[in-house]
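Here is a colleague's note, written for someone reading a structure of this kind for the first time. Please keep the sequence and the model open beside the text while you read.

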Amino acid sequence: MTHTKILFQSFILILFCVETASAQEVLTLESAVKIALENNYEIKIATNNLTIQKTNVAIGNAGMLPTVTANVVDNNSIQNSSQTRQDGTETELDNAKNNSLTYGVGLDWTIFDGMRMFARMNQLKELQKLGEAQLKLTVITRISDVNAAYYDLVQQQQQLAALDTTIVISNQRLTLAQNRFTIGKASKLEVLNAQVDLNTDQVALLRQKELYANSKILLNQLMARDVSTDFKVIDQLEVDSLLLLPELKALAEKQNPQLETQIINKRVAELELKQIKAARYPTLRVNTAYNFSESQSSLGFVAQSQSRGFNYGFSASLNLFDGFAQNRNEKIAKIQIENSKLNIDQQNLALNSQLATSYQTYLTNLELIALEEKNESIAKQNLNITLDKFRIGTITTLEFRTAQLNYVNAKVRYSNAQFQGKLSEIALRELAGNLIF
């Protein structure tokens with residue numbers, strides 16, 4: 001078999017792999033994020049929770065509106081009755097029937113409660129903001145997961161390409177070894193070694209394909225779609241090398257959802273104290289009603305009566321002493337505010353620490369990417385030279401295999417370095433709250 005025929009077979013194999021891959025859907029990161037935003041269950045749950053918070057923001061829920069109730073009371077009795085009047089006469093009646101019917105509409109309205117209702121309304125608005133921050137945190141977290149899973153597939157796809165390349169080379173090596181054995185220039189041992197190494201490469205390829213397929217299932221799960229949906233991802237992985245720590249810190253102070261949550265919790269605690277302090281003021285209520293009533297009695301001075309009409313009034317109440325519960329509740333509320341301040345300080349410290357460590361990892365990964373890129377280029381040159389020498393028989397099979405493995409390992413390390421760098425970039429953007437989606 002000539003060298004030209006070997007190259008032709010290699011070209012056909014690579015072309016077949018490319019055509020098979022091109023038949024699959026190419027899923028972009030933007031499409032994956034869009035699908036996840038539409039389908040992900042955790043995002044849907046967080047969205048529903050936010051809808052609940054928005055629904056709760058109502059003046060009626062804050063206690064600013066009156067309550068109107070309709071009442072119907074019907075009492076009936078059957079009794080054996082006996083009456084003795086002042087003049088000494090007695091009256092008796094068995095199975096005496098008595099009934100009383102009252103119905104009407106009443107209104108009760110608290111018009112002043114120490115401004116508690118206004119503090120409650122503001123608290124409901126802050127709870128809505130808290131729901132928005134929690135939804136943002138859920139969205140950013142899930143989009144971060146999608147980004148990581150997507151770029152994991154990119155690096156695995158690159159590793160599949162590297163393994164495909166090494167199998168092509170191993171096939172060439174086996175063919176050359178067989179040709180040399182046929183013309184008596186190589187031993188059977190060289191052919192067997194080439195076959196064993198080819199089988200080893202094929203095993204590694206199968207393992208990588210299994211990992212690649214399982215990673216596809218994970219990404220489909222994050223997008224909440226059929227896990228058997230087949231697709232391929234882009235071939236290139238680029239890392240933004242221009243991120244600056246001061247800019248990330250400034251963004252995190254404004255946009256980090258976890259820090260935002262702690263700040264909102266502090267405002268909620270402050271409004272809770274206002275509501276508790278409102279109990280020191282009097283509570284004023286007005287009430288009015290329009291009622292109908294009628295009664296019937298088988299025994300007595302009045303056999304039947306009816307009335308209807310409008311009544312109104314007001315009430316005022318002031319807590320004078322409640323066993324020092326007011327003081328205790330205010331003290332606890334102030335401690336809760338102090339705790340919320342401590343939580344903000346703690347979150348700030350944790351955020352700055354995470355940014356500092358993640359940024360250092362990011363810088364290290366950028367250096368590793370540059371270094372592994374050079375290593376891959378050197379390993380490729382070494383492999384090309386080694387392959388030429390192997391064809392003319394000036395080096396051993398062991399030297400050739402070493403150069404081949406060095407090249408594959410260099411490609412894998414370069415791909416992994418890019419992936420780790422991308423993970424660092426995603427982590428920094430997630431902490432800064434500006435992960436693009």
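1. Basis of the model. This is a predicted model, in which local features need pLDDT of at least 70 and side-chain atom pairs count only at pLDDT 80 or more, while totals for chains, interfaces and linings use all residues. Residues are numbered from 1 along each chain as its sequence is written, and side-chain values use heavy atoms, with hydrogens and water left out.

2. The largest nonpolar core. A nonpolar core is a set of buried Ala, Val, Leu, Ile, Met, Phe, Trp, Tyr and Cys residues joined through side-chain atoms within 4.5 Å; buried means under 20% relative accessible area, exposed over 50%, and partly exposed in between, with a 1.4 Å probe and protein chains only. The largest such core has 56 residues, and the members that touch the most others are Tyr 150, Tyr 151, Leu 219 and Leu 355. Two or more residues each are given to this core by helix H2 (29-39), helix H3 (41-56), helix H4 (116-182), helix H5 (188-222), helix H6 (245-255), helix H8 (325-392) and helix H9 (397-432). Helices (H or I, at least four residues) and strands (E, at least two) are DSSP runs, numbered from the N terminus. H4 supplies the largest share of the core, with 15 residues. As general background, nonpolar side chains tend to be buried together in soluble globular proteins.

3. If neighbours within four places in sequence are left aside, Tyr 151 is in contact (heavy atoms within 4.5 Å) with Leu 29, Leu 237, Phe 419, Lys 422 and Ile 426.

4. H2 against H4. Two packed helices are described by the angle between their axes and the distance between the axes. Here axes are lines fitted to C-alpha atoms, for helices over the stretch in contact, and angles run from 0 to 180 degrees between N-to-C directions. The axes of H2 and H4 come within 10 Å and cross at roughly 140 degrees. Angles under 35 degrees count as roughly parallel, over 145 as roughly antiparallel, 65 to 115 as roughly perpendicular and the rest as oblique, and H2 and H4 are therefore oblique to each other. On the H2 side the contact is made by Leu 29, Ala 32, Val 33, Ala 36 and Leu 37, and on the H4 side by Val 139, Ile 143, Val 146, Asn 147, Tyr 150 and Tyr 151. By class, this contact of H2 with H4 has 10 nonpolar, 1 polar and no charged residues, where Ala, Val, Leu, Ile, Met, Phe, Trp, Tyr, Cys and Pro count as nonpolar, Asp, Glu, Lys and Arg as charged, and the others, Gly among them, as polar.

5. H7 against H8. Helix H7 (residues 257-277) packs with H8 at an angle of about 170 degrees, and their axes are 9 Å apart. That angle makes H7 roughly antiparallel to H8. The residues of the contact of H7 with H8 divide into 9 nonpolar, 10 polar and 6 charged.

6. A buried arginine. Is Arg 173 buried or exposed? Arg 173, which has its place in helix H4, counts as buried because its relative accessibility is 2%. Leaving aside neighbours within four places in sequence, Arg 173 is in contact with Asn 193, Ala 194, Asp 197, Phe 390, Thr 397, Phe 400 and Arg 401.

7. Partly exposed residues in helices. Lys 54, found in helix H3, is partly exposed, with a relative accessible area of 44%, and touches Gln 128 and Glu 132, not counting residues up to four places away in sequence.

8. Positive phi in two loops. Ala 224, in the loop between H5 and H6, has a positive phi of about 55 degrees although it is not a glycine. Phe 324, in the loop between strand E4 (304-317) and H8, has a positive phi near 65 degrees, again in a residue other than glycine. Phe 324 is exposed, with a relative accessible area of 55%.
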